[in-house]
Amino acid sequence: EQVPGWAAWVLDGATALRESWDSQKSHCHIMFGSIAYWMMRDLAGLSPELDKPGFRFIRISPAIPEDLTWAKAARRTPGGMISISWQKTGEGKIAFEIDFPEGVSGVLALPGKPEIPLASGSHALEI
């Protein structure tokens, strides 16, 4: 609720993203609008490999904050819909549901764990 923070803008009556934290400039600007990209890439972990264009190989490597219990995301790609969801089970494990369309493969990469290869199709894993 304090600057810098989106809640400060809301409390100030903002209805769109602003150009600066102090609200002295443009009141409709995309400068701080990369939250959707961060949520997709980092929180859900859905990231294409840069050397394999066209979303044909996906690295699922989510950041899993201590105080967040779940996340999910989906992305339409040239090959079809890719989706991922993860949820803490309460038993110290995390349940993943991952769907890749035909022709898309990837890996689930979590810190301190070996990478798990993923083929096209639906995957339900608990780690």
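**View 1. Glu-49, Arg-59 and Glu-115 are joined in a network of salt bridges.** A salt bridge here is a side-chain nitrogen of Lys or Arg within 4 Å of a carboxyl oxygen of Asp or Glu. The model is predicted, so local features need pLDDT of at least 70 and side-chain atom pairs count only at pLDDT 80 or more, while totals for chains, interfaces and linings use all residues. Residues are numbered from 1 along each chain as its sequence is written, and side-chain values use heavy atoms, with hydrogens and water left out.

Arg-59 pairs with Glu-49, where the closest N and O atoms are 2.9 Å apart. This pair links distant parts of the chain, since Arg-59 is in strand β2 (residues 57-60) and Glu-49 is in the loop between β1 (46-48) and β2, 10 residues apart. Strands (E, at least two residues) and helices (H or I, at least four) are DSSP runs, numbered from the N terminus.

Arg-59 also forms a salt bridge with Glu-115, with the closest N and O atoms 2.6 Å apart. Because Arg-59 lies in strand β2 and Glu-115 in the loop between β6 (105-108) and β7 (116-118), the pair ties together parts that are 56 residues apart in sequence. Glu-115 counts as partly exposed, at 45% relative accessibility; buried means under 20% relative accessible area, exposed over 50%, and partly exposed in between (1.4 Å probe, protein chains only).

**View 2. Asp-42 forms a salt bridge with Arg-41.** The closest N and O atoms of Asp-42 and Arg-41 are 2.5 Å apart. Asp-42 is partly exposed at 21% relative accessibility, and Arg-41 is partly exposed too, with a relative accessible area of 30%. A search of the whole structure finds 3 salt bridges.

**View 3. Thr-77 is a buried residue in strand β3 (residues 70-77).** Thr-77 counts as buried because its relative accessibility is 8%. The side chain of Thr-77 reaches the backbone oxygen of Gly-80 at 2.6 Å. When residues up to four places away in sequence are not counted, Thr-77 touches Phe-55 and Ile-82, contact meaning heavy atoms within 4.5 Å.

**View 4. Helix α2 (residues 35-43) gives the most to a nonpolar patch, with 3 residues.** The patch on the surface is formed by Trp-6, Ile-35, Trp-38 and Met-39, which together have about 370 Å² of accessible area, as given by the Shrake-Rupley method with a 1.4 Å probe, where for residues only the protein chains shown count as cover. Patches are made of residues with over 30% relative accessible area and no salt bridge, with nonpolar side chains (Val, Leu, Ile, Met, Phe, Trp, Tyr) joined within 5 Å and like charges within 9 Å. Ile-35, found in helix α2, is partly exposed, with a relative accessible area of 32%.

Definitions and conventions:
A polar contact is a pair of N or O atoms within 3.5 Å; within protein, one must be able to donate a hydrogen and the other to accept it, and residues adjacent in sequence count only if both atoms are side-chain atoms.
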